[in-house]
Amino acid sequence: MSPRSAQGFRPPPRGDDATRFTTGSGAHDFQQIARMYGDIHNHSHAGAPPEELYRQGLDLLHREQPEAAHQLISDAVSRGHVSAESLYYLMLSLVRRRAVDELTGSELRQIREIGRRIRAYPDDAYREAGGAILALLRGAFGLVPEQPDETATRGARSPLNAELVLKDLPAPRRDEITNHLRGIISGAEQDRLDHEEEQEIREKRMSDDREERVPLFFMHDPEPPEPLRPAPPRFGLAGPAWFALAAVACVAGLVSLARLAVLGDVAAAVPGLLLVVAGAGAALRYGLDAAWRLWRLAEEEDRRTRSVPATRRAGAARLYAGGLLPPAQTQAFHDEIYAIVRGRFDEQLEAHEDLATWRQESEIVRQNLAAELTDLYARQDRRTDAWTLDWLVQHHAAATAGAWRRGALRTSDAALRTPFTGWAAFAGGAVALLAGVALTLAAAAGESAGLAFGSVLLLCAGGYFGVRRGFGLYAERRRFAADSEEFARRHEEELRVYEWWRDYLASRRPTDSEMARWLDYDLRHLRRRAILHYDLRNSDIEAAFFVLEAAPGCLRARVRGRPQRYSDYVVRLFLLTSGGFRLRVWSLDFFTARDEGRSRQSFRYDVIGTAHLDEESVPERLRITLTNRQQIDVRVECYGRSRGGEARRLPDDLDAEQLRELALTSSGISRARDILEGVAAEGRAWFDQQRARNRERFREVLDGPGGFTDDLPDDTSHDLPDDIGSDAEDLGAPGNAGDSGNAEGSGNPGEAGKES
């Protein structure tokens, strides 16, 4: 069962729980519906000021999208937003989560140029941090001078020792470099860093109320409650006309009777007439009230029996019918709403309570609620997602369950029953009326018995028909007032809950950066466990990378322009060593950070037949075919299409190609494909050949003429040249390469693998 949030609302169902939320036809599958939050800027940055580009670039860098971050920061620098800080982050976006054998010649030239330009600034934390990155690169390529010259790295005491290289940096810069250059720091150094970070990972995996807040990321923004509209009173023309005629007859009979009584015996006429007026007033007041209560009780019982929702009382359906969607769409919306209602009502049951009884006694409430929400929200002028009403369904389900446990599902019955005092007042009024008529008739008979009896008949006939016709008018006016009060009270309560829940989500829902950080700690935890299980050291690992996939039945949600986040992941860790590769597979519950090992396998490199991206399948798949005919398939998230193939990209989102690239890189599939294709073609030798090629490139770029180690003239200006960023090759987007270190896989789906 879905866990409750701290305030009582549950997230959408996942896994086996979702079966209660399907329609009878099974056509609805909530798990295919991805939530998208629009609180992030449009990523079309043409014409944006460089400061805004830089801010967005930093945001993307922290959200584990270094390629997009590099493009934005590079654009900002080329437009004049140049400082040691911006250059440092530009360099970090190039090497972030990359292995040395993945850096291309173009990227190395960019690093060289950034390094030279950052040296034009006075010594500060960002200049020192840039030098530290270069020192670690030299050490990773084995290009360390026998007697290290302090000027070679400008602030790094020894490129051989990451601790010494980073020790003088401020803690934020040191942590950034340590975390994002895992693939460059040597194996022994990485073993030490892993040991130091073990406690940090253990503490921060569940930090900031993760278990409570993560479900909120997958909960829909609530749709504001719509007020119910009572049907206006329906009088017509005949009813008021007959009532007026009956009232005239009644008054005429009373006046005639009073005249005769006064003429016949004034002493008896006066108290008789007073009794008639007082008795008639009391009888009418309390009698009409009692009659209306009985009518209202009968009407509510009829609505319960026939399942008449509030939106269809007394002809109110006509207020909604004109704006409803076409019948087929309205029925589909109703079916989806009813599935949510059914599932949420069933969730209210405690373990010791009988489900069959609860369903039977609450079925009418369920049906009415689904019909009311359909009438209110299945409108032509709006496209309401049924799940945005989930909060409202849960609110009514909880209220209904509470009333059911108190035996008060029909509380309106007790409120509508006429009290004893009302019946007593009606009876007293009726007796007084009869007594008054008798006294008055006796007094009038002395003057003219025939006229007296005729006046009484006229009075009774007018009164009878007047009460009958008048009650219809009275009941309609009172029905309208009662419905208005009931609907206003209900809307006020719904609005109070809505505003509280909206504010709670706004204050407690985690950001995409927090989701990425928690996932990063989860993956680092799993990687460390796998290395300990296989008794490996980082120096034994040629490459390590994660490939992530949505678990069946999981929830999906993402911030506009950001990677998809899942409530449950299938996590694959590839550990490539000198002798072959090991594959560990886990199921990860992202709500609780609990993982369950699915499988572990080991293969030699010569069993890898092919590794390719099958673009013909729907969805696309990374397909690794082994020589023993075994296949490893990983599905690519279809960001831009629903199950039926139609586009579901929202306004201001990335275009279709960008969404596809985001799916490939955030899942780690791009990097996995690049490495496994190379290994399938060349075997273990691919790592040595790739590393040797890059070592020579690095030596040529950094140690050649104009390289970073050449001192700048003493009078070099701190102002950078005007053409920074004008060279598309030097300051453009990264080349075609992965982005994870050879000793560390992706920290989250946004950093598992990148490809330009």
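This is a predicted model: local features need pLDDT of at least 70, side-chain atom pairs count only at pLDDT 80 or more; totals for chains, interfaces and linings use all residues.
Helix α15 (residues 355–377) packs with helix α16 (residues 390–405) at an angle of about 150 degrees, and their axes are 11 Å apart. Angles over 145 degrees count as roughly antiparallel, so α15 and α16 are roughly antiparallel to each other. Their crossing is right-handed.

What do the two helices touch each other with? From α15 come T357, W358, E361, V365, L369, L373 and Y377, and they meet L392, V393, H396, T400, A401 and W404 of α16. Sorted by class, this contact has 9 nonpolar residues, 3 polar ones and 1 charged one.

Now hop over to helix α12 (residues 266–306), where you'll find D289. Is D289 buried or exposed? Its relative accessible area is 18%, and buried means under 20%, so D289 counts as buried. Leaving aside residues up to four places away in sequence, D289 touches Y474 and R478.

Next up is a sheet. Strands of a sheet pair through backbone hydrogen bonds, either parallel or antiparallel. Here you have an open sheet of 3 strands in the order β8-β9-β10, and the pairing is antiparallel. Since β8 (608–614) and β10 (631–635) stand at the edges with a single partner strand each, one side of each has no neighbour in the sheet. On average, neighbouring strands of this sheet are turned by 10 degrees against each other, ignoring direction.

T625 stands opposite Q631 in β10. Finally, helix α22 (residues 669–682) lies across β8, β9 and β10, and runs at about 145 degrees to β8.

Technical notes:
Residues are numbered from 1 along each chain as its sequence is written. Side-chain values use heavy atoms; hydrogens and water are left out. Axes are lines fitted to C-alpha atoms, for helices over the stretch in contact, and angles run from 0 to 180 degrees between N-to-C directions. Helices (H or I, at least four residues) and strands (E, at least two) are DSSP runs, numbered from the N terminus. Angles under 35 degrees count as roughly parallel, over 145 as roughly antiparallel, 65 to 115 as roughly perpendicular and the rest as oblique. A crossing is left-handed if the near helix is turned anticlockwise from the far one by less than a right angle, and right-handed if clockwise. Contact means heavy atoms within 4.5 Å. Ala, Val, Leu, Ile, Met, Phe, Trp, Tyr, Cys and Pro count as nonpolar, Asp, Glu, Lys and Arg as charged, and the others, Gly among them, as polar. Buried means under 20% relative accessible area, exposed over 50%, partly exposed in between (1.4 Å probe, protein chains only). Two strands pair if DSSP finds at least two bridges between them.
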